[in-house]
Amino acid sequence: MRCELIDALRSQIGSFQSGPLSASAGSRLAAVIAALIVAFALAHGSPDPAHAGQAASGDLYFDPCASCHPVDPDATRAFPSGFEGHEIVLVGHDRLGEESEACLVCHDDPSRDPGKLKLIDGSLVDIAGDVSGVCFRCHSERYRDWQAGTHGTLRPSCTALGCHDPHAPAWTYGGPLLPLAGTGFQVRVLSDRQPFTPIAGPPLPAPVETPGWLVVVTALGALASIGLIGFMVRGGSTR
Amino acid sequence: MTRMGDHVGEPAIALRPGVKRFIGIDWDIGALRTAGPRYWAFVSLIIAVLGLGLLAWGVFLARGTGVMGMRDAYPWGLWFAAYMYYVGLSAGGLVVYASVHLFGAEQFRPLSRLAVLLAAVLVLMALLTIITDLPRPWRVIWMLLTPNPTSPFVYTASAATLYLIVCLIDLRILITGKGGERLAYRMTLIALPLAVYLHTTTAFVLALNKSRELWNSAVMVPIFLTSATASGIAMLLICAYLMQKIGAMAFRSSMFRSLSTLLMTVIIIDLFLLAVEIITVFWPTAAHPGKAARLAHFFEAPYGLMFIPVLVLGVSAATLLARRSTRHLPAVQLTAAAMYVVAIFLKRYVLMSMGFVVDPLGQFASPYTPSLVEVLIALGILSVGLLVVTLSAKILPLQIPEDEIEAHRRAHESAHSGSQDDPVLHPKPVLEVR
Amino acid sequence: MSDTPASPRPGDAATRPADTAPPGCTITRRRLLEGIGATVGLLAAGVVPALVSALPKVAVAAEPETAPGAGPGDAVSRIVKRNAPVNYPGRPVEYADPAGDQSWAMVIDVKACIGCRRCVYACVLENNIGRNSGFTYIEVLEMEPGAVDLESSTLNFAEGGRPDKWYLPVQCMQCAKPPCVYGCKVKATWKEPDGIVVMDYDKCIACRNCLITCPYGARRFNWVRPYVPEDEVNPDTPLDEKAFTVEKCQFCLHRTRNGGTTACVEACPVGARMFGDLKDPDSNVSVLLRTRRVFQLKEKLGTKPMIWYVG
């Protein structure tokens with residue numbers, strides 16, 4: 001299985017290096033390596049407990065991959081192929097470098113070790129494990145918040161990849177939809193902050209109830225009052 | 001300052017037919033038999049409106065607050081505007097009565113019973129506005145059991161209740177004459193501070209809210225007092241005219257003239273304070289963010305329709321009364337008084353509803369319109385007051401006997417060696433006096 | 001019953017005195033005396049339990065205010081101190097007692113909030129807010145960039161997640177100096193020892209004074225009898241008692257006092273809400289208040305809100 005993936009990666013990188021950049025993808029394109037991070041994690045039947053919340057429970061996984069490549073957490077079948085046509089767009093992280101240099105900030109050289117990511121001390125960590133340490137290299141404050149339990153502690157064992165796509169980390173969420181309504185966890189990812197429709201608007205105030213019969217009675221009363229006033233006025237003039 | 005030790009003696013021992021004595025007051029039930037058809041037409045009109053009001057209140061109690069026009073954006077509505085208004089009228093009218101005893105303003109003595117009666121009736125109406133606003137009125141018992149001393153409303157509600165009791169006692173003292181001038185003077189010493197206190201606390205209900213920037217102003221209290229005094233005097237003036245018209249009471253024209261002068265003075269002070277408040281709140285160097293938008297609201301469609309008349313009516317009432325050559329004319333006095341009574345109601349209403357234009361989270365609310373039930377309840381409360389006053393005009397001896405007034409006046413003049421030589425008008429409809 | 005706020009005490013006859021009073025009776029001397037006696041009795045019935053109930057609160061207040069961990073910084077300990085229980089001797093209501101020496105607080109990350117209104121509707125479901133009532137405890141405001149200017153905010157926004165706006169969820173701030181508690185005429189609302197401003201639905205006279213005094217618009221009045229579909233009723237929170245009374249966010253005290261977290265925190269998809277105990281120096285809110293720069297809504301008013309915003 002690993003071989004398949006590496007082949008896919010190599011062919012993809014090769015196509016990038018030889019061919020012109022895709023115009024539709026914008027300025028900077030990067031390799032697909034990272035697209036497989038999650039795929040790896042998901043494909044490996046039982047990941048270690050550090051990121052259990054992401055894959056093993058089926059709670060959280062990236063929709064961009066999972067929507068086309070449905071993932072069975074207890075998968076015994078081989079990882080689906082078909083990654084050749086993919087392009088990975090870096091949003092935000094495109095600042096890390098020119099073209100594939102940006103990829104290599106986090107990823108090890110795919111020709112050597114495609115399944116590894118680089119930590120701050122240069123050591124490598126398995127792409128299928130908890131890779132939050134990679135993010136720590138730059139996002140140390142958030143990392144400390146996360147460790148202190150004040151960032152991203154909502155779901156059990158949530159790691160950096162549980163909520164953020166490393167290729168478009170600026171704003172991503174994959175979260176439970178209406179947990180209290182009993183619909184369970186569904187996955188939705190919005191890469192990059194983009195408008196959407198909230199689940200509902202603020203409610204309108206309750207309408208004013210006025211019983212119909214009261215209106216009728218009031219109208220009758222008003223007529224009677226006008227009659228009485230008329231009587232009083234006329235009585236005054238003819239006195 | 002007049003202090004008559006001895007009163008003019010016990011009321012007549014032989015009661016006229018139809019007069020019943022109860023708690024020391026002669027209730028002239030027989031006068032109702034001689035009342036004309038117009039009187040009864042007016043009473044039945046009031047009763048019809050009262051019936052509608054009761055019906056609406058029943059609907060409210062049965063169906064709950066959903067029938068009211070208020071919502072979270074404007075949690076207080078017509079009832080609170082009416083509460084402030086009635087409390088103001090009540091407190092203002094009493095000032096005139098108090099001036100008789102405190103400042104020796106003998107020309108207002110004929111008004112004293114009427115003033116106290118109106119004060120009692122109006123504060124009763126004010127209390128009714130609170131009760132009819134509550135979907136579960138019986139829970140008011142908690143205001144007695146566990147009152148919260150930090151809530152200004154507790155003070156105004158208790159003051160209103162106390163004031164009602166004091167006014168009723170005072171009315172009885174004035175009518176029966178028991179205790180004489182000395183007791184009446186002492187009652188004034190209680191009632192006048194209580195009236196001021198009542199209205200001050202009502203103003204504090206609004207002014208002590210830091211959540212509502214429009215109301216959170218110290219000048220709110222003096223404005224309330226002057227508005228109350230002005231509208232109270234105007235109300236008293238109109239009532240005195242009506243009483244004279246139906247022949248229940250009789251006054252000198254000099255009394256009306258003094259009342260008008262007093263009214264004009266207070267109106268001018270009131271308008272001055274209003275201008276001060278507007279300038280302080282909305283001047284660019286003093287205004288808080290968002291205030292400018294609210295200033296615009298004062299002069300734009302829904303609220304401007306009520307606020308601009310406040311200014312127009314107030315200024316024209318003061319202008320009407322300003323000319324000394326025409327101030328004695330009843331038409332001028334009545335018009336000005338009616339204008340100001342209306343203006344103060346609009347002012348209260350605008351003050352209340354404008355406080356809710358922007359909710360605490362900065363959201364602009366749609367203008368508040370009272371629902372039918374609210375309007376009917378308010379009219380019902382109004383008719384309660386009118387009914388009491390209308391019946392009292394016939395039944396209660398509101399007119400102070402001529403010899404009694406004369407005796408007081410003589411005593412006062414001899415004490416001060418003044419030379420007030422107003423001709424005593426014959427008790428005829430004053431509209432004929434030109 | 002102990003979990004349900006605002007349930008009447010059994011045997012409290014003073015709750016509805018007018019239900020049994022005959023209307024429109026003529027007052028004789030005997031009846032007057034009876035009335036006075038009844039009033040005195042009611043006073044006793046109301047005041048004595050109130051005094052008794054005040055005792056444990058006083059005991060709580062007398063305890064030293066320092067957190068057991070003694071670790072929090074000066075700011076946090078000051079907060080804890082000023083959040084000291086306010087002793088309002090009202091009629092006691094069967095709330096779940098505070099589990100321990102706690103002071104609940106919330107920190108909301110406005111940078112993370114996307115305006116999806118999930119907290120709003122999770123709260124609606126959790127707290128049995130009438131579907132016809134026309135209000136929610138939480139209101140999410142769409143703010144203009146550049147200032148915390150409520151006047152230019154939008155409540156009724158149709159599109160969330162806009163990059164050119166930011167979003168500010170507002171709910172009851174559980175103020176340490178709550179204007180609503182000061183304004184309530186009958187002490188139907190008070191501040192609990194753990195910092196939650198609670199509401200007694202059986203005592204509320206529906207004067208709506210608290211709606212006037214609240215600077216955050218957090219008080220809500222049930223203008224109509226709240227309707228909740230039968231299969232959506234949450235048995236842990238009251239429903240029928242709330243008709244024609246004021247209700248408000250109570251930090252989901254039926255959950256938080258039993259070790260849970262609030263419904264809005266649970267529902268937030270971006271983890272923008274943190275809920276915890278200020279007196280615990282290791283709780284997430286304590287850590288955030290120590291390490292992050294925070295702001296409060298309408299700080300100038302001096303209400304000392306228990307909700308902080310971190311940007």
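1. Two residues are in contact here if their C-beta atoms, placed from the backbone, lie within 7 Å. The model is predicted. By that cut-off, 49 residues of chain C are in contact with 36 residues of chain B.

2. α2(C) gives the most, with five residues. By class, this side has 30 nonpolar, seven polar and twelve charged residues.

3. Now the cores. The largest nonpolar core has 221 residues. B:L118, B:V123, B:L263 and B:Y340 have the most contacts inside it. Helix α2 (residues 78–102) of chain B supplies the largest share of this core, 18 residues. Apart from this core lies another, of six residues, including A:C106, A:V134, A:C135 and A:A160.

4. B:L263 deserves a look. Leaving aside neighbours within four places in sequence, B:L263 is in contact with B:A230, B:I233, B:A234, B:L237, B:L321 and B:A337.

5. Chain C holds an open sheet of four strands, in the order β8-β1-β10-β9, with mixed pairing. β8 (273–277) and β9 (294–295) of chain C stand at the edges; each has a single partner strand, so one side of each lacks a neighbour in the sheet.

6. Within this sheet, β1 (residues 104–109) and β10 (residues 307–310) of chain C run parallel and are joined by four bridges. C:D109 has C:V310 as its bridge partner in β10(C).

7. Helix α9 (residues 284–291) of chain C packs on the sheet. This helix touches β1, β8, β9 and β10 of chain C, and its direction makes about 105 degrees with that of β8(C).

How values were computed: Residues are numbered from 1 along each chain as its sequence is written. Chains are lettered from A and ligands numbered from 1 in the order in which they are written. This is a predicted model: local features need pLDDT of at least 70, side-chain atom pairs count only at pLDDT 80 or more; totals for chains, interfaces and linings use all residues. Helices (H or I, at least four residues) and strands (E, at least two) are DSSP runs, numbered from the N terminus. Ala, Val, Leu, Ile, Met, Phe, Trp, Tyr, Cys and Pro count as nonpolar, Asp, Glu, Lys and Arg as charged, and the others, Gly among them, as polar. A nonpolar core is a set of buried Ala, Val, Leu, Ile, Met, Phe, Trp, Tyr and Cys residues joined through C-beta atoms within 7 Å. A residue is buried if 20 or more other C-beta atoms lie within 10 Å of its own, exposed if 12 or fewer, and partly exposed in between; C-beta atoms are placed from the backbone. Two strands pair if DSSP finds at least two bridges between them. Axes are lines fitted to C-alpha atoms, for helices over the stretch in contact, and angles run from 0 to 180 degrees between N-to-C directions.
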